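Reader: I'm new to this one. Could you walk me through how to read it, feature by feature?

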Protein chains: 2
Amino acid sequence: MGMSRREFSKLGAMGLAARMLPQAGVPAPGGGRKVGYCVIGLGTIADHFMRGVLASENSKITGLVSGHRDKAERIAEQYGVPKSSIYNYENMDRFSENTAIDAVYVALPNSMHAEYTIRSAAAGKHVLCEKPMCTTVSEGEAMIAACRKTRVQLMIAYRLHYEPLHLKAVKLIKDGALGEVGTINGAFGFIAKKGEWRLNKTLAGGGSLYDVGIYVLNASRYLTGEEPVGFTAETSTMDKDGRFDSVEENVSWTTRFPSGAVATGSCTYGTQMPGYFKVFATKGWISMEPAFNYDGMRLRARYSSGVAGTPDIEIDESNPEKDPAQFTRETSYFSDCIRRDQKPRSSGEEGLRDIRYIRQIYDSA
Amino acid sequence: MGMSRREFSKLGAMGLAARMLPQAGVPAPGGGRKVGYCVIGLGTIADHFMRGVLASENSKITGLVSGHRDKAERIAEQYGVPKSSIYNYENMDRFSENTAIDAVYVALPNSMHAEYTIRSAAAGKHVLCEKPMCTTVSEGEAMIAACRKTRVQLMIAYRLHYEPLHLKAVKLIKDGALGEVGTINGAFGFIAKKGEWRLNKTLAGGGSLYDVGIYVLNASRYLTGEEPVGFTAETSTMDKDGRFDSVEENVSWTTRFPSGAVATGSCTYGTQMPGYFKVFATKGWISMEPAFNYDGMRLRARYSSGVAGTPDIEIDESNPEKDPAQFTRETSYFSDCIRRDQKPRSSGEEGLRDIRYIRQIYDSA
């Protein structure tokens, strides 16, 4: 697709663009040009993302949206973003005219994901949106519809879908090395501090389940390759200092998959809960711990070799890549999807499934 | 209590025994004599038990009950048990006359625990009964009543209540080193083979929850020091070879404790599921893996030192004792309880609680 935006616009005027790029109405940058991202929201995770993009061969930062002009100018200088490509939340929509911006990275509090995804799609920009995709099912449906309407790609930033050890675990299971999966356990959480947006239900949509429990839930789905049928759950709030006046502190759930595999998950904002998962199967087990951090993943497994009289196969493997490697991987992948006009694996539909399940877990508790 | 059985009987006849030994109607062996155990059921776990008793300073094997005379005679010779102290299931009650037998160890399939505990109590023998205590709440109540009636001690063989690393984990939590416990995860299971009594509901009372899930459930109780309030659960049977025609294959549950702590548990007879538990708390975490085997326990923990500016405290400790050390410990403890006329920590009431919870988990699934 070695075509400039201007050439594409001409084709569009001639009614040819749609036929050439049947799924994406917005052209991918042509030739060797990197996909340009505008970062919406300049918090902690945006910093990981931008550092990750620096190491990407096909992506770069070309715009910023922030309520803090000073901060944005400082970051713009760091990443070589012209001042003219700094926006605030009011005038952001003008970036539709900015041809250096091909896509956005939505790094705002959960409750704002829908609005800014929809506005970005309306401006003709591809959208990489942080997880959780949104806070309600109807928001997610509106996001998918908006991206479909202007034919931009929508990817939810499930960084672990692109992490080598997670992919290895999925492949081992899919290839049958472990036999049949019977049970999966997992957990992830941390102590959220007073005043953080995560503890504000209006901004976060809910508690730790949206923010960290989603990793455990999502892992149980990609590890089984199945969609859950029904949840049971317990939530609790122990709260000693009034932090938990709007979202719950602890959530634990069980779920069942069509194959009969069952899973438990736990998450929290109240205790120290290093992320892990364990998969128990007929021929052996596989575990990851740490499992959901920005780096340091360690995969362990032990399973039958399948050959009588030979010892079990044992795996103990760590991913030596350091943060922000996961962000580099996910962004490079999305930029490649944009260039190839290909729907990302962690699509809007994928993100919306987790939102439906999160709502089911809350309903069940 | 340096008193022979004969002396005690005389006192009993004089109406004094009850006053001297207000809780136990049956005398402990006097002086240095070891507490004599009759083993009821000569399966795998009885073998562990008998080897454990060999290493005990205060216990010995003095009787056997089995349906297989040949096997019993072989074992009797090994442990120095006279042939006259070998019984079968029909004539077992005659051991009431056998003064070398102070106590029994009930190592039968779950559904037979109640009958043989009650018959042993009626014969005036103290009872060490394998877990699960029984299969129904009413059985458990009858067992406790029977032991109370003849004033014999009843202990459920929760060997991990006497294992040093489990006790260390409990103490760390109880002393507040970890802060407040928010979440506990645990699992335990293995692949049961076709034809085993465990897969027969009539003999086992249920599936893996009675046999191995009980370890996970019980651990969540001794780690929190609390009693659960309510369960939710999922069960499933994937069964590829007809093994699971009477009991379920997989069980996972969530529960909540009065403090607000929540726990998940998983168990199975269908996959390889090495036992573990993880405790997540406000000041850190503690884990055990392996957690429920006969040996090889490994405790790990990381928690705040409580002193600002100093590093976290880290524990990584294994119990070097080999099987049957756990059986030695639990038997020595029970023999000591018998001698001291003291109710064991893992009493009938304690065992019955787990049965009530197991029934609640099944009801909820």
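Reader: In which strand of chain B does Phe280(B) lie?

Author: Keep in mind that this is a predicted model. Phe280(B) sits in strand S11 of chain B, which covers residues 273–281.

Reader: Is Phe280(B) buried or exposed?

Author: To judge that, count the other C-beta atoms within 10 Å; 20 or more makes a residue buried. Phe280(B) has 28 such neighbours, so it counts as buried.

Reader: Which residues does Phe280(B) touch?

Author: Leaving aside residues up to four places away in sequence, Phe280(B) touches Gly182(B), Thr183(B) and Trp285(B), and also Gly189(A), Thr268(A), Thr271(A), Gln272(A) and Met273(A). For a sense of scale, take Asn98(B): 182 residues separate it from Phe280(B) in sequence, and the two C-alpha atoms are 51 Å apart in space.

Reader: How many residues of each chain are in contact with the other chain?

Author: In general, the size of an interface is often given as the accessible area lost when the parts come together. Here we can go by residues: 35 of chain A are in contact with 35 of chain B.

Reader: Which strands of chain A each supply at least two residues of the side that touches chain B?

Author: They are S7 (181–189), S8 (231–236), S9 (250–256), S10 (262–268), S11 (273–281) and S12 (284–288). S9(A) gives the largest share, with six residues. Sorted by class, this side of chain A has 21 polar, ten nonpolar and four charged residues.

Reader: Into which domains is chain A divided?

Author: Domain 1 takes in 5–159 + 327–347, and domain 2 takes in 164–318. Their C-alpha centres lie 29 Å apart. Where they meet, eight residues of domain 1 of chain A are in contact with ten residues of domain 2 of chain A. The domain 1 side of that contact has four polar residues, three nonpolar and one charged.

Reader: Now a helix. Where does Ile144(A) lie, and what does it touch?

Author: Ile144(A) belongs to helix H6 of chain A, residues 137–149. With 20 C-beta neighbours inside 10 Å, Ile144(A) counts as buried. Not counting residues up to four places away in sequence, Ile144(A) touches Leu154(A), Gly348(A), Glu349(A) and Leu352(A).

Reader: At what angle do H6 and H11 of chain B pack?

Author: An angle over 145 degrees counts as roughly antiparallel. H6 (residues 137–149) and H11 (residues 348–364) of chain B pack at about 170°, their axes 9 Å apart. The two helices are therefore roughly antiparallel. From H6(B), the contact residues include Ile144(B) and Met143(B), and from H11(B) they include Leu352(B) and Ile355(B). By class, six residues in this contact are nonpolar, three polar and three charged.

Reader: What is the phi of Asp239(A)?

Author: About 25°, a positive value although Asp239(A) is not a glycine. Asp239(A) lies in the loop between S8 and S9 of chain A, and with 14 C-beta neighbours inside 10 Å it counts as partly exposed.

Terms used
Residues numbered from 1 in each chain as written. Chains lettered and ligands numbered in written order. Predicted model: local features only at pLDDT ≥ 70, side-chain atom pairs only at ≥ 80, totals over all residues. Axes fitted to C-alpha atoms, helices over the stretch in contact; angles between N-to-C directions. Helix = DSSP H or I, 4+ residues; strand = E, 2+ residues; numbered from the N terminus. Parallel < 35°, antiparallel > 145°, perpendicular 65-115°, else oblique. Contact = placed C-beta atoms within 7 Å. Nonpolar A, V, L, I, M, F, W, Y, C, P; charged D, E, K, R; others polar. Domains from an automatic or database assignment. Buried ≥ 20, exposed ≤ 12 C-beta atoms within 10 Å, placed from the backbone.
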